Amino acid sequence: MKKITLLITSFNGLSQAVYVWLKDKNFVVDIVYINSTTRDDEIKKFSPDIILCPFLKHYIPADIYENYPTFVFHPGIIGDRGAYSIEWALWNEEKKWGAVWLRANKLFDGGDIYASKEFILKNYSKATIYRNYIKDLAVDMLSTLLDNIQQDKKIPQLLNPIHEKFTTTIDWQKDTTKIIIKKINILDSFPGVQDEILGIQCYLFGAWEEEKFKSNTPKQILAKRDGAICLSTIDGAIWITHLKEKGRFKLPATYVLKDKIQGIKEDRLPLIWDKSYKTFYEISCDIKDNIGYLYFNFLNGAFRAEQCIRLKYAIEYLKTQVKVLVLMGGEEFFSNGINLNILEDSKKSGEDGWSNINAINDLIKSIIFADNIITVASVNRNAGAGGVFLAIACDYVVSTNNVVFNPHYKTIGLSGSEYHTYSLQKRVGKEKAKQLLTDCLPISSHYAKNIGLVDKVFNKNYQISLENFCKDLISDEDKYDDFIWDKQDFLEDNYDFIEQCKENEIKMMYPEFWENNSIFHILRKEFVYKICPTKTPNRLKYKG
């Protein structure tokens, strides 16, 4: 059993995690989109030993599972069947949940189970659970799955009824803050809870409890902060970070409401605050042992121009406070570079795109030229495009199992900037850099370490290992001083070269943003509206 087809609806984070695991284990892997017009011919041509389906939104035709051993990943415990598994688990407040790999047959989620695993279900959003727990389960079971397929070791699925579609709405006159947050979390990140805000029909995303603001009138907008709005409830208040109008895409709440919230107070938070009460924040920092851990929790890891500016200011301040600065990323992603949704929404996408790429470049410059401290990127979540190059701007990059890197831009029609022509070649060499940017394929954290993109991969006790790694960097004062002096000398000698790399990148990107016929505008629209291609992209096909 060497040849494996991944039959998928889209090449999402879970599909990519399975793909890179199989590639690292030297399996021959081909990818087929289930709605590809040439699907059957693609499968027949590759002639796989088995088919794995890590992410599907469509039924598998009988002529596929009857002719090829086909195994489906289902994000539910044994006996759970149908879509909306995580939603119902969260609604019922299950203490444990799990996932299974089962064989496809005519019964929906009814085939024999070849691997299963459970985890403690915490009170997170559906998106966080899927991206951080379900994804890991899918990968962690692959060895067991493949062994059990080889030995035909299986257990029968419990043929419980297929559960119904999960739907819910908010009753602002009756629902408590806790209930409202629960409902929004369950339908985050798709499709969201449908509601109406200031006369606009929309879906709600990103709920945070607020402990200081209150009002006697439920659903009153009390404040705004960094694109989010604060709404009163019958027993307190909540922040809503993003809204999506029908037929549109997610945007910061203030972008959707626009002039309807004129006069609403912008309530800002300082970078360093005691976190003694519950409220919404995107950027925060913990300082201990002369080490600053900087968190930036941006939706989908996408950086708006103003977020880049705020993060840069945070870095500039922390340079004066610590010896080691650690970029921690967010709860679901480390970073995915510039914010494409904002550009798609803009009536001046060229201007806003130009602003965004220059803002993230200024942010990365502040990291590269942080010559009086050591910088570390803690890539504990997936990173893509400019987010990868944000990480490798640091002196050290550390990661963990099941993290996927996408060090490329071409799939969105951009040549890219973020100083990548300097930092990528510096780490992996010219030929490997060219390959990564051209192939446009995801790679695992272990592969990234093998080629020099990552310095350390911690498999267990990640946070403790990270903290110990950072402490070691400053444990020997002489060694630390030598590192800083060498870094200062290098940056002084190479300043002009590093800046010229960025200037060359920006020159190439100019027409990609500003010209009306740029392919970037088409590919960006397809990405933002999540338009599934009708043909498997050639870059994902087996080339052997």
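**A sheet, a helix and some rings**

Me: Which residue just after H6 takes a positive phi?
Reply: In this predicted model, local features need pLDDT of at least 70, side-chain atom pairs count only at pLDDT 80 or more, and totals for chains, interfaces and linings use all residues. Residues are numbered from 1 along each chain as its sequence is written, and side-chain values use heavy atoms, with hydrogens and water left out. Helices (H or I, at least four residues) and strands (E, at least two) are DSSP runs, numbered from the N terminus. Just after helix H6, a positive phi of about 55 degrees is taken by Asp152.

Me: Which exposed residues does the face of H6 turned away from its buried side carry?
Reply: Leu142, Leu145, Leu146, Asn148 and Ile149 are buried in H6. They cover an arc of only 165 degrees around the axis (taken from the directions from the helix axis to the C-beta atoms), which puts them on the same side of H6. Buried means under 20% relative accessible area, exposed over 50% and partly exposed in between, with a 1.4 Å probe and protein chains only. The face turned away from that buried side carries the exposed residues Gln150 and Gln151.

Me: Which strands stand at the edges, each with a single partner strand?
Reply: Six strands form an open sheet with mixed pairing, in the order E2-E1-E3-E4-E5-E6. One side of each edge strand is left without a neighbour in the sheet, because each has a single partner strand, and these are E2 (28–33) and E6 (113–120).

Me: What angle does the direction of H6 make with that of E6?
Reply: Helix H6 (residues 142–151) packs on the sheet, touching E1, E3, E4, E5 and E6, where contact means heavy atoms within 4.5 Å. Axes are lines fitted to C-alpha atoms, for helices over the stretch in contact, and angles run from 0 to 180 degrees between N-to-C directions. With the direction of E6, that of H6 makes about 160 degrees.

Me: Which residues form one aromatic cluster?
Reply: Rings of Phe, Tyr and Trp (its six-membered ring) pair if their centres lie within 6.5 Å, and planes under 30 degrees apart count as stacked, over 60 as edge-to-face and the rest as tilted. One aromatic cluster is formed by Trp208, Phe213, Trp239, Trp273, Tyr277, Phe280 and Tyr281.

How values were computed:
Pairing = 2+ DSSP bridges.
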